[in-house]
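Let's take a walk through this one together. Have the sequence and the fold open as you read.

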Amino acid sequence: MNEKALRILEYNKIIDKLTELAGSPMGKELCKNLQPSTDLGTINQMQTQTSDALSRIYAKGSLSFSGLKDIRGSLLRLNVGSTLNIPELLSIASLLDVALRAKSYGRRDGGMDGRSNDPDRHSSRTDDRSSGPDGRDSDNQGDSLESLFAVIEPLSPLNHEIRRCILSEEDIADDASPALKAVRRNIRLTNDRIRSQLNTMVNSPSMATKLQDNIITMRGGRYCLPVKAEYRSQVQGMIHDQSSSGSTLFIEPMAVVKLNNDLRELEIQEKEEIEKVLAQLSAQAAQYTDALESNISALTALDFIFARAALSRTYNGTQPRFNEKGFIQIKKARHPLLDKKKVVPIDITMGKDFKLLIITGPNTGGKTVSLKTVGLFTLMGQAGLHIPAFDDSQLAVFENVFADIGDEQSIEQSLSTFSSHMTNIIKILDASNYKSLVLLDELCAGTDPTEGAALAISILKNLLKRDVTTMATTHYSELKVFALSQEGACNACCEFDVATLSPTYRLLIGVPGKSNAFAISKKLGLPEYIINDARKNMDAADQDFEDLLSDLETSRKTIENEREEIESYKAQVAALKDRLETKQENLAQQKERILREAREQAQKILQDAKDFADQTIRDMNKLAAGGGNAKAMEAKRSAVREKLGKVSSGLTLGGTGKKNRLKPGDIKPGDSVMVRSMGIKGIVSSLPDSKGNVQVQMGILKSRVALSDLELLDEEVIQTPILKKTGAGKIKMSKSATVSTSINLIGKTVDEAIPEMEKYLDDAYLAHLSQITIIHGRGTGALRNAVHQRLRKMKNIKSFRLGTFGEGETGVTIVEFKD
């Protein structure tokens, strides 16, 4: 890629930001050397990796690569059998710490949430995964980084052994080896013996006057006493040092010479044992050189990738799509080196209908920024970096990017601004082709306008003829006319607000820009007569063209304002529509809620009445079986009538109750009726009394019911069934009218469900149901197991089994009763 273009487009500043985000020296080196690629496959792979890393950052947080060190030199020494020193072994341990952290981060079945605590456990599952069009696994089964995470080996045993033996760069643990532990124990004992003897001498009254200070010191690694020079002959020992004044001699007493010698020998043994420990650790590490090299490679690559993702996060970047057809479509582009809170996003499209885009407009309007944005986005995208733009932006793959932007005046080479630019343009014309992107700022400025415009047109024609994708900025009106008349060329302008004398920085494709020199001068206070005289000096064609541009600009603003009003109206209509739909939905929900509550309340009232009636029947059966008197049975019937009256007053079925309301003359004995409050069919057995109540036979239950609670059935009169005199027979008659063929226990605890199931099974058995269904759901299986345990103990159960396909499978149990 053209080095001058990289510098002019400030690609190096992006690389500097990227390098700061890497966590390891190797990762920083990769970032520093990152160059745009020209291979579409490589570009797409790098973009996908950046996107996948960014997704992981948003899902799990950042992954730190701090502590990742370059141990490749140490690995070379291990391969030839050398022993590593303490810092080298600690660097390996630090690398393995990063590997462990990365392995946990990359694991899908645990990772950062702590669901898996074994970093050395590798998943052996092999899923059948289908790949999408970009080569990535579908259904979120994996991403492009999984292969890198998969090859990482934390080597926990090696790491733990290094950490166990080496405490710091200066300290080896006592437990590193039994021999080292024994030597250090002897060193401590010898030190204690030496100090004990010297303390005895120091505290001796005979030595009090001979010592300069009552302390024990060391000289040359040996314990000594500070003796006054005049008492030298009275203290037997070896002189190791003296003070600068000569008044103090540091003497090793003869009593501790042997102990000091022993201590020195022990220290030598300690060094030998430490060397043995380091040799053992080095030998252990040498077994894993391949895995360590693989770890370095994978972790460095991941550091590089996550640095790109972190950079994308800083400016809310997105992954662009790439093509090899020269098509560029950037949506809401923001230059990454400008303040994202202040920069105005621009839309740029070129390369499909036109290959040449000529941008005009006033100075400081954003022309050069637009030029640099396209160039820098191209370089960043081809380097695998995201771009700060909306999703689904497109970039083209170019073999080279050329830029002539800024003042290239060279005093040393005696080149003027024009000459310097022209020298650069000549090089661009020679090197560019149809796979190049050329960016030209203020083309052919700095010379005679007429000649400069003619030269600029010829240069652009040449580039257009060779199908070179080109963006150029200019102030020449001739180039605006050229873009209007030339096929494959298009005008664009940076919008300028004359009212405020300030640019809006919006890039308008397809619209030529005005210089606005007259308008700006008038706004700044230049007399009107001077401006009018200037207009007379303009060529008529030029003036007509400027007037046409002014009219086009006015029309464009009018259309934009109208479009904004239409969009506003559309938004209001959409908001009103949403409010109406929300209101209708709320009304529907309220209606459903009211009906549901009413049904639940009615069901509760009915169930209460049924339970009361069932209990009364049981009591009456007990009285009948025990030879009870009629008075007690009549009391029970009265209680039932009273309960039914309360139910009738608290429950209304079938609307307001006025519809189909029976009159005394509408009913006669033998009519089939429905008792609304109980939901039970019955036979009228008496005429209405003075209060409008009739006796109704409902199975074995006979009760007085109000006419308002009855509904005449349009069916044949049914005869009162012949009842057996046994209480059991009566109960079976009642149950057969109410018992369902299934019971739903889902949502209940075992303690709640089992009693309810037992009552239901009794009722179903008495109702002569041959088979019923218990719905317990799948869940954890606790409720299903409890149900099966209870069924095994019930004597009236013939068999039970789990449901088959279509019956509910393992969520239900099918029960058959004995005959």
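What follows goes from the whole chain to its cores, then to one residue, then to a sheet.

**The chain as a whole**

Keep in mind that this is a predicted model. The chain has 819 residues, and 42% of them count as buried. As for contacts with a separation of 6 or more, 66% come from residues 24 or more positions apart.

The largest nonpolar core holds 51 residues, and L18, L34 and L385 are the ones touching the most other members. Helix α13, residues 367-382, is the top contributor to this core, with six residues. Another core of 48 residues lies apart from it, with M26, L54, I166 and A298 among its members.

Which residues does L385 touch, leaving out those up to four places away in sequence? The list runs I14, L18, L34, Q47, R308, L311, Y315 and M380.

**A look at I405**

I405 sits in the loop between β12 (400-404) and α14 (417-431). Is I405 buried or exposed? Its relative accessible area is 6%, and buried means under 20%, so I405 counts as buried. Setting aside neighbours within four places in sequence, I405 is in contact with I8, L9, T368, L371, K372, L439 and D441. Take D441 from that list: it is 36 residues from I405 along the chain, yet their C-alpha atoms are separated by 5.0 Å.

**The four-stranded sheet**

Now for an open sheet with mixed pairing, its four strands ordered β22-β23-β25-β24. At the edges are β22 and β24, each pairing on one side only. From one strand to the next, the twist averages 20°. Strands β23 and β25 run antiparallel and are joined by five bridges. Within that pairing, I775 has V812 in β25 as its bridge partner.

Lying across β23, β24 and β25 is helix α23, which runs at about 160° to β24.

Here are the residue ranges of the elements in this part:

| Element | Residues |
|---|---|
| Strand β22 | 742-744 |
| Strand β23 | 771-775 |
| Helix α23 | 782-792 |
| Strand β24 | 797-802 |
| Strand β25 | 812-817 |

Note on methods
Residues numbered from 1 in each chain as written. Predicted model: local features only at pLDDT ≥ 70, side-chain atom pairs only at ≥ 80, totals over all residues. Heavy atoms only, no water. Pairing = 2+ DSSP bridges. Helix = DSSP H or I, 4+ residues; strand = E, 2+ residues; numbered from the N terminus. Axes fitted to C-alpha atoms, helices over the stretch in contact; angles between N-to-C directions. Contact = heavy atoms within 4.5 Å. Core = buried A, V, L, I, M, F, W, Y, C linked by side-chain atoms within 4.5 Å. Buried < 20%, exposed > 50% of the residue type's maximum accessible area, 1.4 Å probe, protein only.
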